[in-house]
Each structure stands twice: as structure tokens, then as C-alpha cells.
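Please examine the sequence and the three-dimensional model shown here before reading the report.

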Protein chains: 2
Amino acid sequence: MQPVACQVDEWQSGIVGARIAGASIDEAADFMVSGTKNREFPDTMIKRAKGVTISQVADAAGVARSSVSRAFTRPDMLSPETVERIMKAAEALGYVPNHTARALSTGRHGNVGLIVPDIANPFFPPLIQAAQIEADRSDFCIFLGNTEENPKQEDKLVGRFAGQVEGLVLASSRLSDERIRAHAGQLPLVLINRDIDGIPRVLIDSGSGVSQAVEHLAKLGHRKIVYVSGPSNSWSNKQRRTAIRAAASNLGVAIETVPAVLASYNSGRNAVSAILATGATAAVAFDDLTAQGVLAGLAEKKVSVPGDFSLIGCDDVLGAVTYPALTSVSNRSMEAGRVAVSLLLDMLQSRAIRDVRYVLETHLVVRNTTAAR
Amino acid sequence: MQPVACQVDEWQSGIVGARIAGASIDEAADFMVSGTKNREFPDTMIKRAKGVTISQVADAAGVARSSVSRAFTRPDMLSPETVERIMKAAEALGYVPNHTARALSTGRHGNVGLIVPDIANPFFPPLIQAAQIEADRSDFCIFLGNTEENPKQEDKLVGRFAGQVEGLVLASSRLSDERIRAHAGQLPLVLINRDIDGIPRVLIDSGSGVSQAVEHLAKLGHRKIVYVSGPSNSWSNKQRRTAIRAAASNLGVAIETVPAVLASYNSGRNAVSAILATGATAAVAFDDLTAQGVLAGLAEKKVSVPGDFSLIGCDDVLGAVTYPALTSVSNRSMEAGRVAVSLLLDMLQSRAIRDVRYVLETHLVVRNTTAAR
DNA sequence: GACTTTCATGCAACCGGTTGCATGTCAAGT
DNA sequence: ACTTGACATGCAACCGGTTGCATGAAAGTC
């Protein structure tokens, strides 16, 4: 843990390194800052927060510890006067039940874990946020884990979390079905965008929205469309490609696939030549970032959008911030996060696993990158 | 917790509601799924994972519990043979030390909290990710909290976290100095982008980068520049405006401020008329999203960038995805997250508060939205 | 061979709550 | 007045580890 020292740009305060103040550490009654305020703000010792315990409250209120416990957890078991007396004593002392101790004796610690492949991917933050809010509503806290798209890291995180969460949400897990099943045998699990029988899961069906996209383009008179595909091992990519092919063949529209091999924006941009070479007049991209790349590439080549070419993204992570504003397929990642947590908490409460397959439909959001040809 | 039911789009599995399998819950030796596999995947009971305890290992290895404990925490105290025997027994039984119990007796649970105002703001995900990675390196887990820019929510979260984390990182806190000081008295705290004496803090000095932006524009021949300002109560906004004014006056460049009152993209777009009305030939925007809005607004008005007008963003959250690619000021939010956690863990280990003011300099990243006039 | 010293291990208290059961009190029932 | 039950509260065990101290055996010293 010396990275601080070697990456400092500027230490405004020259005072570094622990300086032990006069008082002994053990004596302190409370977490606090001590040390003489001689110069600026000297380094100071941390005194551990010796929290008020249930026994102290019990003594103060003249009752047994169990009564204090009950006053907080099941006040209906006690006479109103007793509860009040205890509460008054607790308040006076600043008592807060110790979460860890409670967790140990009850076996419930009120935490759930959420593991995502890449926090920085704009798809996830709304999901995380919604999950957090949902958990909060039930007084649960969220452990967040980031796997950097690495299955090994994911496995490791699951293991580390397992001991301190009651359940886990795995979003767009990169683990094999077997590993996921194994973990599901250890603790309650809910999946997002992984479809494994017997494990509760929330699926965002981008197929529906993508089909609408094709219909929309067909209606505008486009007869040949390109699908700019995403990562080949992605569940969503598979789903989208299938849906597009089906819709196109239904509508008698020609479809061609151009791969955007690498990560999103740049590969979209690089794919533009290939896209134009097909002679298509419109494209649907794997996701919004790819679409944004395509948009930039088209602008470079002076192809006007939507005048000369129509473009549709997917996941709607950009809002309407591109120019022209990108037509896209809604992503519902927020709902996915919320529902997954809600499902998980539900499982925890009922102590039952339900084989749930919760599907969220998506739809087309028409903006300004599509027009009649 | 009934939101699931009322927002269902589609329940693929019709079997809903807990069905209790034959076996009694208490009997189960392990967390598992039971119930007859009659039809699809019927609902199944969760059996609590009755973990292997230290006593079982002790019995199996023929030693006292304390020896098992030591085998895991201070193996040097035991003879190598004993350690091996214990480890073998532990492995055979699949023993994993109970995190909660350990936390209770040691007072250390190996968690830190991270609270941000808005996960969905692209500024934060890299910060969160870096914090998470840094914590992971020391086997710490991260609690993530989202305040939705609401000080009350922030207060509440701090309180909830306080019981289960050893320390807390507050990023871009919206709390008053007093509240922050109060919390800092309760548990180790590190701030990001809040400058409060006596509390360890990591500050991203966007002033330096913004000054470079002004110099860059001046060098390109721009004599009048607009600053498109952000939220008036933002520490960063204040810092940036001040830096721009100073740099401009140094260089003899005229500066004018146009407020972008509301949230970023749209307000940037709406500010375009006012910006052009000033007669300036270049602008620096509070952040990249605002700049993106301005970019879109300029495109609408057929003002070519950078031909007719130069534009610089701030925070560099867009990468190079706009067209033309946006010149911006680096943000270093990743470093901020990493350093803040590192600082916090350092404090926890040394049990000392250091009055650290860690400043991260920023710099200009020149791309394609700036040109000579 | 008696006397330290060293070292591995066990004992038992402790962390701070929760909870099943026993006890005591008081009012209702007959 | 005596039984019965309901109810409020206390006792003590328990959750699953950690840790200061005691103990006893082996090794070292003279």
C-alpha cells in the first residue's frame, strides 16, 4: 500500500506519517481526533469507535439485555412503558445496534451483491443505480463488484462476496453455465441477460425492439439493410442478429451483416466503408456506441444522415445527444436492475427459489437518423 | 415487495408463489434445491447454507477450536504438522471462516463504502471502477451508495453504511461542511472533490487544464472566448470559472460567461444562441456533455466546427466519440478513485488520520474541435 | 538430575447481539 | 377463593469466530 507515495502529484500538506498523540489508544471512549492543534492540522490517532452496547442501555434502563433487544426488534412483546423507557435510555446514550453482531446471531446481514462486467459501460450505471435504489427500499445495502469482463475475476468476486451477502445478482455474466449453476447451489442467485433454466433470470429482449427497427426501415422504403454486429460471444448480439434476420425475411427486405470486430465506437467508424460497399441504404448497429462510430464515419465521408442513409442504434444509452439525434432501441436496463433485486429480495424473504424467467420487451425510439429513402 | 407482480411484462414460467417441498427446512445440511422435478422447474425451498464451523474442523482434526483459528490466522504459532492436519481436515469439510463472526470478534470486517451523487453520470463509473480495483487488491469489498444528488439521502446512506464499513469515501459530496465534519468524527473518511481542512481529500484540479485550454485558444488567435458555465453550487464550476478568468486576463483575451442553467446536454444546446450573440469565436464548456449540446446546437445553425467556431469541453468523458472529436480537459477521475481508496486503507492500517490534500493536475487534450481563426 | 526456558496447544472469556424457555404477576373465569 | 391463562420480563444458551493466559512437554543449561 505505498502507491500513494509514488504517485503523488502534489502533497499540499507536508506533514506525513503517523504521529502518536500523548493519550493511550485504549483509553479513548469514542472514535475521535486528538493531538494538540499546534500548527496546521497535525496527524492524529484514530481511536476506535467503541460503540455503546446493548448491555449499557440495559443497565441504564434497568432491564435485561433481552428486553433492549426486543424493544428494537419486536416492541409489541413489551409493555409500551418499558419500550419507551428503553428507547429513552438508548437515545441518551446514542445506542445503535451493532450490525455485525446482529448478523451473526440472526444469520441475516441485509446485504446483496451485484456483479457487473464493466461499470464504465454506459449500459450498466442505470442498472446499478436502479438496483441500489430498490435494495435501499428494503434497507438492504449493495456490494458492487466489477469483473472487467474476466470470468476468473468474476469467480473470485463471487467467492469473496458469498460470505457477506444473502444473495447475488449477476448481470451479463461471463461465466460458463456450469459455474453459474455451481454458485447458484451455494447462495440465492438472480441473473440478468443470461438464460439458464432453473435459475431466476431477468432478460432484456432486444429482439422485439430490433424487429420494430427493421419494420420501421421497411416502411420508409428501404429494401436493403446492414446489421453491424457486435461481439460474437454476446448473448445479446446473437439475439439481435436472429431477430433482424427473421424480421427482414418476413418483410422481404435484404439483409447483410458487417462485423464490427473490436470495441464499439472505433469499430463502428471503421466499418463504414464496408457498410457503404454493400449498397444498402440503412443500417442497424449492435449498440449505440457502434452506431455513433458509424455516424462519425458517415459524416467524414460526407454521407448525410438521414438524407442519404438511415441509421438505428441499440440500447439507447446516448439519450438524444448525438447530432442528428440517434434513432435507437430502448434498453430497459434500469428495470432489469430493479426487477432483479426485487426478485432476489423476494426469494430471500420467502426462502423459496422460483423458476422465474422475467422478460422485458424493448421498443423502437424514433429520432432523427431515419428517413424515407 | 410486490413491485414484481405489477410490472411483469411476461412470466415465462406460470408457476409462481412458494411451494414448500416435503422436507423440513431445519433438517437440511446444506443450501440446496429440493422438490420433485415433476414438470418444468417447480418452485423449491431454499435450505439455509449451514456452513461448516470451526468446531467441526477442530473435532475432525482432533484439536481445539483455537488451534483451527490460529491455523488460519497465525500458522506460525503452530507446529507445521498440526497446521497441515488442520488444513487437510478443513479442506475435506469445505470449511470457510465465517466472515461475520470474524468481524464481530476482531472489529474489522474488511469493507469500505463509496458514496457518489449519481452513478449514471459518466464522470463516476471510472472512479468507481478504480476504487473497486484498488480495494480488491487489499481484499476489501466496496459498498456502493448513490445519493441522487440529495444531501438527505447522502446522510441516510452514511448512517446505514457506518455500521458495516471501516471507512468511507465521499465523492463530490453534496453535504454541508458541518455534516461532513460530523461524520468524519464517527469514522475514517476520505473526500473527493471537497476541500475541507483536516479531512483527507483528493482534489481534481481542473483549473490547470482549463487554463491550458484558454492558452491554446489564445495561441490559435481567438480574442474573445465564452465560458459556458455549469451548476452554480458546484465546487468544480467555481474552480473552472476562476481559472478561466485568470488565464484570460493574463493573456489579454476577452471572456464572457453564458450560463447553461439546467442539466448538461440540453442546456448546452439551448445556450448556443446566447453564445453566438456574444460575437466570440470560441467557447469552453463546463463539461463534455454541455459541450456536446453546444456542438449539436452549432451544427443545427450550420456553424462549422472548428472552421467557424472552436469548442473545448471538460472532463473528457466522451472519449473521442463526437464528430468532430471534442477537444477537452482530462479528468483523472480514475486516479481520484484509486487514490482515495488507497488513502483510506492506509489510514485504516496505520490507525492514523493524516491531513492529506492530494491534488491531481489536469491537462488539455487537443482533438478536432479547435482551430486557428 | 533438578531448574529454566521455549514452544505448542488448550481453556475459557469475549465480541454484541437474538431467542427459546422459565418464571412471576395480574386479571379473568367459575 | 382457586384455577387458568395471558402477558411481560429475565435467564442463559447460542451464533462462530479470536485471543490472553495457563499448562504441560520437550529442549537447553549447569
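Predicted model: local features only at pLDDT ≥ 70, side-chain atom pairs only at ≥ 80, totals over all residues.

Residues are numbered from 1 along each chain as its sequence is written, chains are lettered from A in the order in which they are written, and side-chain values use heavy atoms, without hydrogens and water.

Two cavities of 30 Å³ or more are present. A cavity is a set of points on a 1 Å grid over the protein atoms alone where a 1.4 Å probe fits but cannot get out, and its lining residues have an atom within 4 Å of a point.

Among the 14 residues lining the largest cavity, A:Thr100, A:Asn111, B:Thr100, B:Asn111 and B:Gln164 lie nearest its centre. The lining of the second largest cavity includes A:Arg160, A:Phe161, B:Asp136 and B:Phe140.

Helix 7 of chain B (residues 151-162; helices are DSSP runs of H or I with at least four residues) has 12 residues and reaches 16 Å from its first C-alpha to its last. Its buried residues (under 20% relative accessible area, 1.4 Å probe, protein chains only) are B:Gln153, B:Glu154, B:Leu157, B:Val158, B:Arg160 and B:Phe161. Seen down the helix axis, these residues fall within an arc of 165° (taken from the directions from the axis to the C-beta atoms), so they line one face of helix 7 of chain B.

Terms used
1 Å grid on protein atoms, 1.4 Å probe; cavity = no way out; pocket = protein on both sides within 12 Å on 5 of 7 lines; lining within 4 Å. Points joined across faces, edges and corners; volume = space filled by probe spheres on them. Helix = DSSP H or I, 4+ residues; strand = E, 2+ residues; numbered from the N terminus. Expected span 1.5 Å × (residues − 1). Buried < 20%, exposed > 50% of the residue type's maximum accessible area, 1.4 Å probe, protein only.
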